Amino acid sequence: MYQRIFDQLNDFLTQTLLVFTPLNPDAFQGVFIKKLSNQNIVREKRRISAGNTASTVNQTHLDVTGRDSMLFFFETLNDQTTTIQGIDIDLYCNNYAYLKEINSARPQKDNLGNTSFVRLAYGVPRNTLGKGDDLLHSLAYKKYGHTGSQVQINMPDSREKFSVFHSLAFLDDALVFLKYDYTHYLALLIPARFCQGLYEITGTRGNQNVNVPVANPAYNKGVADRLAGQRIRKEMLADEVAVNSIRGSVFLGAAAGTDILRLAKARVSQGAFRKLLFLKSHKCCLCGITVTQALRASHIKEWADATQEERLDPENGLLLCANHDALFDRHLISFHPETGKLCVSKALTLEQRQALSLPGDMTLSLSGRMKAYMKIHYQKFKSGEV
Ligand SMILES: [Zn+2]
């Protein structure tokens with residue numbers, strides 16, 4: 001079934017988009033197909049009834065229901081905890097451009113007084129597409145456990161690309177999530193007219209919250225990581241170019257230089273390098289916090305001192321929460337390059353250590369290359385201690 005779904009997706013892309021790169025099924029852990037019901041459409045404020053009250057709200061999330069669907073987005077299920085994690089959603093930019101081109105709609109009122117919309121155009125607009133296989137990045141977050149039976153994909157900001165993309169949806173369209181990894185998805189929106197084959201394969205009938213997850217039966221983490229590595233490396237080179245252009249465009253006084261470095265570091269630690277570290281883990285390697293929004297990719301050998309190769313090396317990175325990243329960045333903590341034991345600056349009081357959740361005794365396991373990078377970090381930490 002998995003391969004047949006990809007055939008359908010590639011078929012859609014071939015029919016509607018002038019330039020595209022066929023989706024490679026091996027690059028993904030699985031695919032999730034949601035047939036959109038009227039309440040999933042972000043087109044205008046909607047009237048909803050809850051008990052005796054009716055109110056008008058903006059639709060700001062997608063509900064994903066069913067055990068298998070939830071497992072598509074979270075690794076474990078339980079009824080106790082609420083987990084919120086930031087996720088990256090890539091959109092094919094020409095899927096997005098295509099949808100914008102065919103977005104002419106006719107409104108009609110339903111018997112609840114809500115306006116529903118019918119898409120008027122389906123054709124392939126001439127000369128407006130073909131921008132290549134670039135991806136538009138968007139942020140959203142996934143929330144698990146508020147009822148123990150569903151995951152929400154939330155769109156925190158209506159100007160975020162994913163919410164704009166989602167606002168181009170109509171009834172019975174398919175919103176398809178392809179899962180690169182735990183926090184990183186590719187989204188495609190397929191207009192209803194092109195969904196027949198997709199719905200036949202997945203046995204999708206009815207119109208209420210149809211959720212169909214399909215795992216990749218041949219999923220091979222090694223292959224997927226290698227493909228992801230190639231993709232992310234391309235993004236990281238783009239980050240480098242962007243940083244260099246920032247540096248080139250600003251007059252560099254002594255103070256400005258420091259600011260630029262800080263800017264560059266922020267860009268890199270929250271951009272593609274972070275995605276690279278996410279391939280290995282989704283938590284702070286010091287305190288274990290899993291709130292992905294608060295996680296930064298910290299370079300062990302500082303970004304400013306590193307060669308380009310070292311900047312792109314995942315072994316030169318630690319995933320740390322914002323607090324621990326700040327401490328590591330300022331050399332107020334380090335790890336012994338041989339034993340991996342956490343070292344905390346004498347400048348921090350006991351109260352501060354406790355408030356910052358710095359364990360008294362903690363060891364990080366370090367690979368050979370990490371030890372070499374850590375040696376440099378540790379020397380700077382030591383020189384700050386005397
Ligand atoms: Zn932490």
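Let's start at Arg330: with a relative accessible area of 52%, Arg330 is exposed (that is, over 50%, while buried means under 20% and partly exposed lies in between, using a 1.4 Å probe and protein chains only). Its salt-bridge partner is Asp329, with the closest N and O atoms 3.4 Å apart. Asp329 counts as partly exposed, at 23% relative accessibility.

Before going on, a word on the model: it is predicted, so local features need pLDDT of at least 70 and side-chain atom pairs count only at pLDDT 80 or more, whereas totals for chains, interfaces and linings use all residues. Residues are numbered from 1 along each chain as its sequence is written, and side-chain values use heavy atoms, with hydrogens and water left out.

**Salt bridges**

A salt bridge here is a side-chain nitrogen of Lys or Arg within 4 Å of a carboxyl oxygen of Asp or Glu. Searching the whole structure turns up 9 salt bridges. Here are some of them.

| Pair | N to O distance |
|---|---|
| Arg330 and Asp329 | 3.4 Å |
| Glu315 and Lys280 | 3.8 Å |
| Asp361 and Lys341 | 3.8 Å |

What does the Glu315 and Lys280 pair tie together? Glu315 sits in the loop between α9 (308-311) and β14 (317-321) and Lys280 in the loop between α8 and β13, so the pair links parts 35 residues apart in sequence. (Helices, H or I with at least four residues, and strands, E with at least two, are DSSP runs numbered from the N terminus.) Glu315 is buried at 18%, whereas Lys280 is exposed at 55%.

Asp361 and Lys341 meet in a salt bridge too. Asp361 lies in the loop between α11 (350-355) and α12 (368-385), and Lys341 in the loop between β15 (333-335) and β16 (342-344), so this pair ties together parts 20 residues apart in sequence. Asp361 is exposed at 62%, while Lys341 is partly exposed at 37%. Elsewhere, salt bridges with shared partners join Glu302, Asp305 and Lys380 into one network.

**The zinc site**

Cys284 (SG), Cys287 (SG), Cys321 (SG) and His324 (ND1) are the protein donors of the zinc ion, 2.1 to 2.3 Å from it. Donors are N, O and S atoms within 2.8 Å of the metal (3.2 Å for Na, K and Ca); water is not among the atoms, so sites may look incomplete. Along the chain the donors follow the spacing C-x2-C-x33-C-x2-H. Cys287, in the loop between α8 (272-278) and β13 (295-299), and His324, in helix α10 (residues 322-329), are 37 residues apart. Cys287 is partly exposed at 30%, but His324 is buried at 1%.
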